[in-house]
Amino acid sequence: MVLALSLALALSAAPSTPPSGKALNTQGFRLYQSGRYPEALEKFQAAAQATPDYALAHYNAAATLGLLRKQGKVCEYSAHRDVIVEKLATAVRLDPRRLQRAKEDRDLDVIRDTLGWQKLLGRTPRKQADVPALLRAVSWYGPGVGVYGTTRALKFQDGGRVELWKKDIDDSGTPKQSRLQGTYTVKGRAVTVTLPEAAPVTGSLDEAGALTFPEPLGRFTDSPSECEA
């Protein structure tokens, strides 16, 4: 009796086997279906950590981050575009079939205009021939100013049209937004932008994906400034 009791106590004291990546992913999926997205994200991330080569866990983490970003919870859950792209790229590397699913997944609409998404589709700034398509497909953001975030952005459109969005901060700290419509041309990597009442400005898209013009336009990337103090 004493031996049996000692054995039972030893078994109860033994550490329990941690849940598998698949089990954690299943738990996350149920939470996702229930609309409990932050808790679902936690489970998907734990699943990816428990089983690093489990493509579905990485994919589900990316999709849930995309949904949280849509809900405006970027800073709370680090739902940044580059983070979402990184998790999705990992899923696609582990299981190329995930890309087709991603093309149809509305949770991932928030990254369609990133360089990372375009790279998954086979377009890259390393190829000069891809430059015109990348300019139009990507949203381009200038650097941020503290709590005001990004203060300028470029959107290249079909037909050689471009829009410059600006956020000017006055002396009282009040931001004022404006939009200017202009035109652009592309030759190789060189991009020339012409805005109203201004001389044409020529910049270039480098192989790393940075679009750089002389001031006052400056440098643009596909990452907006977010969550800065």
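Q: Which residues of α3 does α2 meet?
A: The model is predicted, so local features need pLDDT of at least 70 and side-chain atom pairs count only at pLDDT 80 or more, while totals for chains, interfaces and linings use all residues. Residues are numbered from 1 along each chain as its sequence is written, and side-chain values use heavy atoms, with hydrogens and water left out. Contact means heavy atoms within 4.5 Å. From α2, Gly21, Leu24, Asn25, Gln27, Gly28, Phe29, Leu31 and Tyr32 meet, in α3, Tyr37, Glu39, Ala40, Lys43, Phe44, Ala46, Ala47 and Ala50.

Q: How many residues of the contact of α2 with α3 are nonpolar?
A: Ala, Val, Leu, Ile, Met, Phe, Trp, Tyr, Cys and Pro count as nonpolar, Asp, Glu, Lys and Arg as charged, and the others, Gly among them, as polar. By that division the contact of α2 with α3 has two charged residues, four polar and, as nonpolar, 10.

Q: What is the direction of α2 and α3 to each other?
A: Helices are DSSP runs of H or I of at least four residues, numbered from the N terminus, and strands are runs of E of at least two. Axes are lines fitted to C-alpha atoms, for helices over the stretch in contact, with angles from 0 to 180 degrees between N-to-C directions. The axes of α2 (residues 21–33) and α3 (residues 37–50) come within 8 Å and cross at roughly 165°. Angles over 145 degrees count as roughly antiparallel, and α2 and α3 are therefore roughly antiparallel.

Q: Which strands are at the edges of the open sheet of eight strands?
A: Two strands pair if DSSP finds at least two bridges between them. The sheet has antiparallel pairing and the order β1-β2-β3-β4-β5-β6-β7-β8. Pairing on one side only marks the edge strands, β1 (140–141) and β8 (219–220).

Q: What is the bridge partner of Thr192 in β6?
A: Thr192 is on the uncovered face of β5 (residues 190–194), with Ala190 and Thr194. Four bridges pair β5 with β6 (residues 201–205) in the antiparallel sense. The partner of Thr192 in β6 is Thr202.

Q: Is Asp82 buried, exposed or partly exposed?
A: Asp82 is in helix α6 (residues 81–94). Buried means under 20% relative accessible area, exposed over 50% and partly exposed in between, with a 1.4 Å probe and protein chains only. At 48% relative accessibility, Asp82 is therefore partly exposed.

Key: Parallel < 35°, antiparallel > 145°, perpendicular 65-115°, else oblique.
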